[in-house]
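I want to go through the strands of this model and note how they pair. Entries follow in the order I looked things up.

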Amino acid sequence: MFKEIVSLIERYDSVCIFGHIHPDGDCYGSQIGLRELLKTRYPEKKVYAVGSGLPDFFSLIGKMDIVSDETIKNSLAIIVDANDLPRIEDKRVSTAKAFAKIDHHVDTKTFVEGPQVVVEDANSVSEIIVEFAFIENIEISKKAANALYLGILTDTNRFQYCNKFDYIFDVCKQLISKGVEPSKLYEILNMREESFLKFAGYVYSNYKKTEGGTLYFVFDKEAIKFFEPYDALDVANKVNLIGNIKGYKIWVGFVEREDGRLSAEFRSNELDVQSIAVKYGGGGHVHAAGMTVGKFDYDFINQVLKECDELIAKGN
Ligand SMILES: [Mn+2]
């Protein structure tokens, strides 16, 4: 499964691991986890995790690397947790010498040339990286274990969305045996900024609902400015504030992007909201999906809400 990627890694002295814009726990965790594994396996190689990562975790799990343009130009780029180059946070990725990808998002078949491991039914990329360590027989350090556990923890929304519970708990048991301290990870994850209270208060007083049973909120550019430093995507990703409300099977956050486009985040416990996102060029997972379309427009929002209601009426 990893043969092609491994043989490519072996041909380069320098490897840069890239993740997506707005890195989350799985992106950061799989970047650091893979970096540490490769350092263990190939001590003679230079291995870097490129991007902004999750600074709150730097002291526990590790910092991201600062790399020069020159280094990237001479490196193999391994992309994790993103399905294509335009999704990558550090745009210098396109200057790398060669490319490989390890991901669990819908494969859009648009990735540049290079070996890829895409496991669409994996809960997280971090668990694919753990599999990589098992198959390639690489010792998992405490640092790598913490990073990969964080990725699994966050992408399953703390073990709520698991495709294979027995498998994932088995993986986590092995990571814990390498020194992971889940309570320390939770302590950092649970920490919130006070500004969040103001934002949540606004959402709780201004959300809307359709007759068909969809809950939603809409933030145009002006409204988003009021909640700086949040940007449009930060706002959309807080859609779970209006989730899990009795009688409402789908919840959606609509936001106007800085450039005037519309982004939406869909969530549901039972229904395939990914089908709606994919219809408009988006993607994600069956119960958690997102999309960005040309223009922020209320008629379009109403059309999408109608489709959500239809999905609820249909029942799947
Ligand atoms: Mn992920």
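Which residue in β4 does Ala-77 stand opposite? I looked it up in the model, which is predicted: the residue facing Ala-77 is Phe-99 in β4.

Entry 1, β4 and its partners. I checked the pairing behind that contact. Strand β3 covers residues 76–80 and pairs with β4 in the parallel sense, over 5 bridges. I then turned to strand β5, residues 116–118, which pairs with β4 over 3 bridges, also in the parallel sense. For a residue pair here I noted Asp-103, which stands opposite Val-118 in β5.

How many of the 6 residues of strand β4 are buried? I counted a residue as buried if 20 or more other C-beta atoms lie within 10 Å of its own. By that cut-off 5 of the 6 residues in β4 (residues 98–103) are buried, so the strand is largely enclosed by the rest of the structure.

I traced the order as β2-β1-β3-β4-β5, an open sheet of 5 strands with parallel pairing. The edges are β2 (46–50) and β5; each has a single partner strand, so one side of each lacks a neighbour in the sheet. I get an average twist of 20 degrees from one strand to the next.

Entry 4, β1 and the helices on this sheet. Strand β1 (residues 14–18) pairs with β3 in the parallel sense, and I find 4 bridges between them. Val-15 has Leu-76 in β3 as its bridge partner. I looked next at helix α2, residues 25–41, which lies across β1, β2 and β3 and runs at about 175 degrees to β2. Helix α5 (residues 125–136) also packs on the sheet, where it touches β3, β4 and β5. Its direction makes about 110 degrees with that of β4.

Strand β11 (residues 288–293) runs antiparallel to β10, and 3 bridges join the two. I noted Ala-288 in β11 as the bridge partner of His-285.

Key:
Residues numbered from 1 in each chain as written. Predicted model: local features only at pLDDT ≥ 70, side-chain atom pairs only at ≥ 80, totals over all residues. Buried ≥ 20, exposed ≤ 12 C-beta atoms within 10 Å, placed from the backbone. Pairing = 2+ DSSP bridges. Axes fitted to C-alpha atoms, helices over the stretch in contact; angles between N-to-C directions. Contact = placed C-beta atoms within 7 Å.
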